[in-house]
Amino acid sequence: MKIVLSILLLSLSCLAEYKVSVFLGNEADAKYKANMDYPFGVELDSKGNMYIVEYDGSSVGVLSYKGDFTKLGGDGSRDFAVENGPIKKAKFNGLHNAIIDAEDNVYITDTFNNRLRKYDPKTAIISTYAGGKEGFFGDGGPAAESGWNQLYCAAWNKDKSKIYIADLKNNRVRVVDFKTGVVNTVAGNGKKGIPKDGADALKSPLMNPRAVTVDSKNNLYIADRAGHALRVVKPDGKIYTIVNKKGKKGRALGDGVKAQLFGPKYLAIDKDDKVWIADDQNDRICLYDPETKKLTSVIGKDSNMKGWDIKRPHGVTIHKDGSIYVVDSGNNRVLKLEK
């Protein structure tokens, strides 16, 4: 009992170390000002420029390292325009997140256009990197010729040699080899259901995979939206449910397999291989520790971070300096957590 209490107190003391501020938004105390319409994802490049994708605003913007906010493309309509051309003329349909490669190119999940799109800041050209047609096909071949059914969130592995993508309505997680451009499935058999612990991930069902992330040991984490769960695919290809084994929505914290989520929407890995979870409909950001196997709430409901109510959070980004950026979507702002 004393050991459990000590772990809990240590966890709470660590969480209390974060200083929170409004980094980007239209509030009076925001460090940088921007009018956003339901932002979903943010990512920073090597120079400190922050890219923001807006879901309702259906646009891509950038906050420069100098503090200037600019809308790059998207006119607010739900449509598709520009296969390979200037981003200022582009249209989007359901933007969810962005990731950035070693050369500062930006890859954007254009969910309902079934595309992962690539933006080159040097030329201001946007093109389709993967997908373009609805369906499930193309495994073993070029990602640019593959079919998807609502690709939601993408994530790099540690050395940025692979892009993992949640293919939600196909109930699969797929991976693109960045060197060859070839796509393959790494989890999910296309059926909807709760996978059995220790089963082959490729032969297992999933419950609408919404987000993915990969740690330094090549463990692949999956936020299963309809299953209200966090799952992990080990390097040997076996899948396990580590948060919310029963799969019922709720707010319980503590022991991971007994803890609960409600529509998790985003994942991120920090330098200690802990998993940050945007627990969307519980209005909180949670942290899963693979060492203690515990789930805690960092900010929002059920957390000890008082005075910071968040609404329908989505994106979570970990900066190389340890700062954590949270997209507080329902409040149209980006928060910064720093120790």
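Trainee: What makes β1 and strand β30 (residues 333–338) a pair, and in which sense do they run?

Mentor: Two strands pair if DSSP finds at least two bridges between them. Here 5 bridges join β1 to β30, and the two run antiparallel. Within this pairing, V20 stands opposite L337 in β30. A strand is a DSSP run of E with at least two residues, numbered from the N terminus.

Before we go on, this is a predicted model, where local features need pLDDT of at least 70, side-chain atom pairs count only at pLDDT 80 or more, and totals for chains, interfaces and linings use all residues. Residues are numbered from 1 along each chain as its sequence is written, and side-chain values use heavy atoms, with hydrogens and water left out.

Trainee: Which strand pairs with β1 in the parallel sense?

Mentor: That is strand β2 (residues 32–33), joined to β1 over 2 bridges. L24 stands opposite Y32 in β2.

Trainee: Why is D139 called partly exposed?

Mentor: Buried means under 20% relative accessible area and exposed means over 50%, with partly exposed in between (1.4 Å probe, protein chains only). D139 has 33% relative accessibility, so D139 counts as partly exposed.

Trainee: What makes the side chains of D139 and T185 a polar contact?

Mentor: The term needs a pair of N or O atoms within 3.5 Å; within protein, one must be able to donate a hydrogen and the other to accept it, and residues adjacent in sequence count only if both atoms are side-chain atoms. The D139 and T185 side chains are joined at 2.6 Å. The side chain of D139 also makes a polar contact with that of R174, at 2.9 Å.

Note on methods:
Helix = DSSP H or I, 4+ residues; strand = E, 2+ residues; numbered from the N terminus.
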